[in-house]
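Subject: Structure handover and what was found in it

Dear colleague,

I am passing the structure on to you with this email, and you will find it just below. Please look through it alongside the notes that come after it.

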Amino acid sequence: MKLLAPSILSANFTNLSQQIRLIEMGGADLIHCDIMDGHFVPNLTFGPIVIQSIKKITKLPLDVHLMIKNPDNLLEAFAQAGANNIYVHQEEVVHLNRTINKIKELKCKAGVVINPATPFCLLSEIIEEVDFVLVMSVNPGFGGQSFIKSSLRKISDIANYREKNGLNFLIEVDGGVNKENISSIKDAGCDIFVAGNSIFNTDNITASTAELKQLINK
Ligand code: DX5
Ligand code: ZN
């Protein structure tokens, strides 16, 4: 079963509960929440307070993607706010083993994210500990960017590595996913598809969600 995780980064924040209802009706499996601090990435979004509010209005699991400096300081706050899956960037976290363990102690699933310029081999010592590998297919910071094509090879390399080593982490892809490229991303080996612009910046959010969901499960 392949999963669709709409990213609310591109949603209309003046009516977030209605926007979440629309993706639920379209068959969203998770809600992807992009946390940015204006330092790790050149953009600013929201924090645990918003996660806590979202948690109250949906039963969908919350994917919390931390694009922030020193994420260790906020893991507990995000877990308490209702995060189900917490993702940290390999490029930011020095003691990745400690951070992944801390996320698990907080009863969340743990993901590690790699930017487009970061090779997967840097995860070799931690890979058996993680629930998800999140491949950035754009440089993080903004919605609506174009998918970087070399990500396809990276995704299939990761999928091959997983198979060869009998591992069972899930592969997630984030950035520039749309109805034109989602089938090739699936063929490369992706399990969880994040999509912001191609869902929320369309005329019919529910129909766009349903269309992507159908493409990944056909
Ligand atoms: C980018 C974020 C993404 C973003 C994806 O830094 O991590 O989750 O919302 O948006 P689209 O699908 O518009 O590229
Ligand atoms: Zn994201």
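Predicted model: local features only at pLDDT ≥ 70, side-chain atom pairs only at ≥ 80, totals over all residues.

Two of them link distant parts of the chain, since His65 sits in strand 3 (residues 62–67) and Asp174 in strand 7 (residues 170–174), 109 residues apart. His65 counts as buried, at 0% relative accessibility, and Asp174 is buried as well, with a relative accessible area of 8%.

Turning to the interior, nonpolar side chains in soluble globular proteins tend to be buried together. The largest nonpolar core here comprises 61 residues, and Ile8, Ile31, Ile51, Leu66 and Val133 are those with the most contacts inside it. If neighbours within four places in sequence are left aside, the residues in contact with Ile31 include Pro6, Ile8, Ile20, Ile23, Ile54 and Leu60. Another core, of 10 residues, lies apart from the largest one, and among its members are Leu30, Val113, Val138 and Val194.

In helix 1 (residues 16–26), the buried residues are Leu16, Gln19, Ile20, Ile23 and Gly26. Because these residues cover an arc of only 120 degrees around the axis, they fall on the same side of helix 1. They pack against strand 1 (3–6), strand 2 (31–36), helix 2 (48–57), helix 7 (197–200) and helix 8 (205–216). Gly27, which follows helix 1, has a positive phi, near 100 degrees.

In helix 4 (residues 96–105), the buried residues are Leu96, Thr99, Ile100 and Ile103, and because they cover an arc of only 100 degrees around the axis, they too are on the same side of their helix. Their packing partners are helix 3 (75–81), strand 4 (85–89) and strand 5 (109–114), whereas the face turned away from the buried side carries the exposed residues Arg98 and Glu105. Just after helix 4, Lys107 takes a positive phi of about 70 degrees.

Finally, the structure holds six salt bridges. One of them joins the side chains of Arg21 and Glu24 at 2.4 Å, N to O, and because these residues are three apart in helix 1, they are separated by about one helical turn. Arg21 is partly exposed, with a relative accessible area of 36%, and Glu24, at 24% relative accessibility, also counts as partly exposed.

In another salt bridge, the closest N and O atoms of Arg162 and Asp191 are 2.9 Å apart. Arg162 lies in helix 5 (residues 151–164) and Asp191 in the loop between helix 6 (182–188) and strand 8 (192–195), so this pair ties together parts that are 29 residues apart in sequence. Arg162 counts as buried at 14% relative accessibility, and Asp191 is buried with a relative accessible area of 11%. Salt bridges that share partners join Lys2, Arg162 and Asp191 into one network.

With best regards

How values were computed:
Residues numbered from 1 in each chain as written. Chains lettered and ligands numbered in written order. Heavy atoms only, no water. Helix = DSSP H or I, 4+ residues; strand = E, 2+ residues; numbered from the N terminus. Buried < 20%, exposed > 50% of the residue type's maximum accessible area, 1.4 Å probe, protein only. Core = buried A, V, L, I, M, F, W, Y, C linked by side-chain atoms within 4.5 Å. Contact = heavy atoms within 4.5 Å. Arc of directions from axis to C-beta. Salt bridge = Lys/Arg side-chain N within 4 Å of Asp/Glu carboxyl O.
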